[in-house]
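Hi,

Here is the structure I promised to pass on. Have a look at it first, and my notes on what turned up follow below.

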Amino acid sequence: FIWLCSCCKSSIKRAAFENDSLSYGFYGGIIKTLILKFKYESDFAAGYLLSKLLIEMIEEEKIYADVICYVPMTKKAEKKRGFNQCEVIARNVGYNTNIPVSNCIKKIKDTKEQKTLTKEERITNLRGVFKINSVKDIKNKNVILIDDIMTTGATISECKYILNKSGVKQIIVLTIAKSNIKY
C-alpha cells in the first residue's frame, strides 16, 4: 500500500468545485511531479497515487455515478506513450469504487499537443475530434468524466458536448489538477 506522506499531501493547494468540474488541486508541486512521472516516465506507482486522490474526492464529495468515462487518445498517440494515463486512472478509480468504466469516447483525429497552443487554438484544435463509441453505456446515466489536467477546459468541453448529444443524464468532471495559467 502506497500513499503520500502528510507533509506532501498538505502541500497540495486544493481547487474548488466549478461548474460540475472538480480538480483535486492546482498543477504544481507534488501533483505536477506525480503527473509528469506517470505520463512521461511510465511510473505506474505515481499513477496509482493520482487515482487515489480522485477516489478520495469521490468519497469526500459523495459523488454518485453510473459509469466512468475518460478522455481518449488516438491509437497513434497511445502507441507512442504505451498507455493512456486517463484510462489507467479511470480503471483504478472504477475498480476501487465499483463504478463501471466505459471507453465510450473515441478520438478520431490526431491533434497538436494542447500544451503548446493558445486558448483559441486549443478550442479549434479539438473541434470534431471526438465521437461516441457506445451510446448504450451512457444514455440516461450519470457519468464521471476523467482527465488528468484541466487548463482552458477545451478538451473537457468538447467531450461534454458529445456526451450530452448522446443523452447522458448528468456529467461530473474530475481532474487531478487544474492549471492556474490564465489565458
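A quick word on terms before the pockets: a pocket here is an open set of grid points with protein on both sides within 12 Å along at least five of seven lines. Bear in mind that this is a predicted model.

With that in hand, the largest pocket comes out at about 1,100 Å³. It is lined by 39 residues, and the closest to its centre are Lys 39, Tyr 40, Arg 81, Glu 113 and Gln 114. Helices H2 (29–41), H4 (75–81), H5 (85–97), H6 (119–126) and H7 (154–165), along with strand E5 (142–150), each give two or more residues to that lining. Sorted by class, the lining has 17 nonpolar, 9 polar and 13 charged residues.

The second largest pocket has a volume of about 260 Å³. Of its 14 lining residues, Pro 72, Met 73, Lys 75, Glu 78 and Lys 106 are the closest to the centre. H4, H5 and strand E3 (105–107) each supply two or more residues, and E3 gives the most, with 3. By class, that lining splits into 4 nonpolar, 4 polar and 6 charged residues.

As for the protein overall, there are 7 helices and 6 strands, running α-β-α-α-β-α-α-β-α-β-β-α-β from the N terminus. Buried residues make up 47% of the 183. Of the contacts between residues at least 6 apart in sequence, 74% join residues at least 24 apart.

Cheers

Notes:
Residues are numbered from 1 along each chain as its sequence is written. This is a predicted model: local features need pLDDT of at least 70, side-chain atom pairs count only at pLDDT 80 or more; totals for chains, interfaces and linings use all residues. Side-chain values use heavy atoms; hydrogens and water are left out. On a 1 Å grid over the protein atoms alone, a cavity is a set of points where a 1.4 Å probe fits but cannot get out, and a pocket is an open set with protein on both sides within 12 Å along at least five of seven lines; lining residues have an atom within 4 Å of a point. Grid points are joined across faces, edges and corners, and a volume is the space filled by probe spheres set on the points. Helices (H or I, at least four residues) and strands (E, at least two) are DSSP runs, numbered from the N terminus. Ala, Val, Leu, Ile, Met, Phe, Trp, Tyr, Cys and Pro count as nonpolar, Asp, Glu, Lys and Arg as charged, and the others, Gly among them, as polar. Buried means under 20% relative accessible area, exposed over 50%, partly exposed in between (1.4 Å probe, protein chains only). Contact means heavy atoms within 4.5 Å.
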